[in-house]
Amino acid sequence: MTTTAQHHGLAAPMQDGLPAGEGPEWTPAAEAERLLKPLLSEVVGVATRLYRQMHDIDDAYAFAVGARACQSEHLVGEPCAQAAGGGALDERSATLSAIGEAVERYSAVYWREQAMIQATWAELNARGERAVSPRQLTLFTEAQYADPAFPFTRFTEDTRISWVRGSDLRDGQPAWLPAVLMFLSGPHRESAERISHSTSNGLAAGCTWDEALCSGLLELIERDGFSTVWHNRLSMPLIDPDSDPDVKAFFDRHVRPAGLDVSLVDLSRFSDVPAVLTVVRNRVSDISPLAVGGAAAGTPQRAIVKSVIEAFQTRVWMRAEQREGNLLPPDTDFAAEVHRFDDHVRLYAGPGLEHETEFLDASTERVAVADMPVLPDHRPRALARAVLQRLHGLGVDVYLADATSPDVFDAGLVVARVFAPALVPLDSSFRARFIGPPRLRDRPVELGLLPRPLNDAELNPFPHPYP
């Protein structure tokens, strides 16, 4: 059986778990457009149509494009997410981003049954095969498992689950990964235990394998930072946008004319990678009172721009839900009603819970853009290698799985699932919040943000507002 790297022609020699050498350059926009546009078609497309989001006077000066995905169950037997979106300072980039998101969500519902096995970790270990262990993967707490309504089985050495082959990015060697966490649906049968639900954490499409790996890695870091902040109710330092000429120019032209309060929260300390949370507040009316977005990148400037655009793009979505009356009231039974990311958006699209988010941008500490870390990003492989070095230095194992469906691969694209079991993933189901990773409690203490780890009852009792 080939590994992910071999499947895409990226076999040995290896260096730090990645192919040696600098790798390809970032794909030019024209080439990305050539590869992605054929996947847009009303009849045979992965994305069946695009629609530009309407601009209101309080929107950022940027482009937001939505994409409607195909009915994938007719082709692969499993439904994929129907709505995707992209945002950017230019319309072409926003359009390609929207198609790319539709492609990654579609591709990840496809799975090759012949490439999977069912086994326990103990059986794989006895055969001398590398596999993610229960010691590495602790998504839930004992209190969650003790709840009779909890929907998942405890992952132990003797739990029989479906596994798919991936690569360990410490050395590039093959490793078995829990299939239910690699795909968005389907990779389990009745004879296998359900140990978790799957989300899009670390899932990324790319024109090259290096680009997809970079995108997946950076998303894991961004979401780990936000989830740690949210569950522990941490107030991290705010970034001064006027401390950098490029960021100031971006704010003056694209952000400040919207007339809303926009805060940049520095999440970089958690992984020593530039990571930003943007908090957008409307304090003058009940129209979309809150929106958040986040991003990690090689430079703080890129992370800031991307996170701001994502926050305003989310606000467009929230405003549409609010106008259509698709809101969840503040007194919603979270465990019964909040299951998908859409539910999180609908819960915060209207007024009522914004006061529970005030801690996000409440810090009085300010940092300059120049004080944030910077990573080499002249090529995607250089950036991926730098991110991996930081994560490995923190004792975080990172794995890579291939989530590319045959038709997407034939179109010249790849879809990566990057998986770091120690990082805190973003949860969609409130009943099954990912509050089990030790890093969630330990990292704030290591950084001096909390005097001791919080227990379950002390964690934030509200669903997050992340899309």
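**Close-up views of cavities, a pocket and a helix pair**

**View 1. Lining of the largest cavity.** α7 (209-232) and β16 (414-419) each supply at least two residues of the lining of the largest cavity; helices (H or I, at least four residues) and strands (E, at least two) are DSSP runs numbered from the N terminus. The model is predicted, so local features need pLDDT of at least 70 and side-chain atom pairs pLDDT 80 or more, while totals for chains, interfaces and linings use all residues. Residues are numbered from 1 along each chain as its sequence is written, and side-chain values use heavy atoms, without hydrogens and water. The volume of the largest cavity is about 200 Å³. Of its 19 lining residues, Leu181, Thr199, Asn201, Phe419 and Pro425 are the closest to its centre. On a 1 Å grid over the protein atoms alone, a cavity is a set of points where a 1.4 Å probe fits but cannot get out, a pocket is an open set with protein on both sides within 12 Å along at least five of seven lines, and lining residues have an atom within 4 Å of a point. Grid points are joined across faces, edges and corners, and a volume is the space filled by probe spheres set on the points.

**View 2. The second largest cavity.** This cavity holds about 120 Å³ of space. Its lining includes Gln53, His55, Phe63, Ile309 and Phe312. α9 gives the most to this lining, with 4 residues.

**View 3. The second largest pocket.** This pocket has a volume of about 240 Å³. Among the residues that line the pocket are Arg135, Leu394, Pro438, Asp442 and Glu446.
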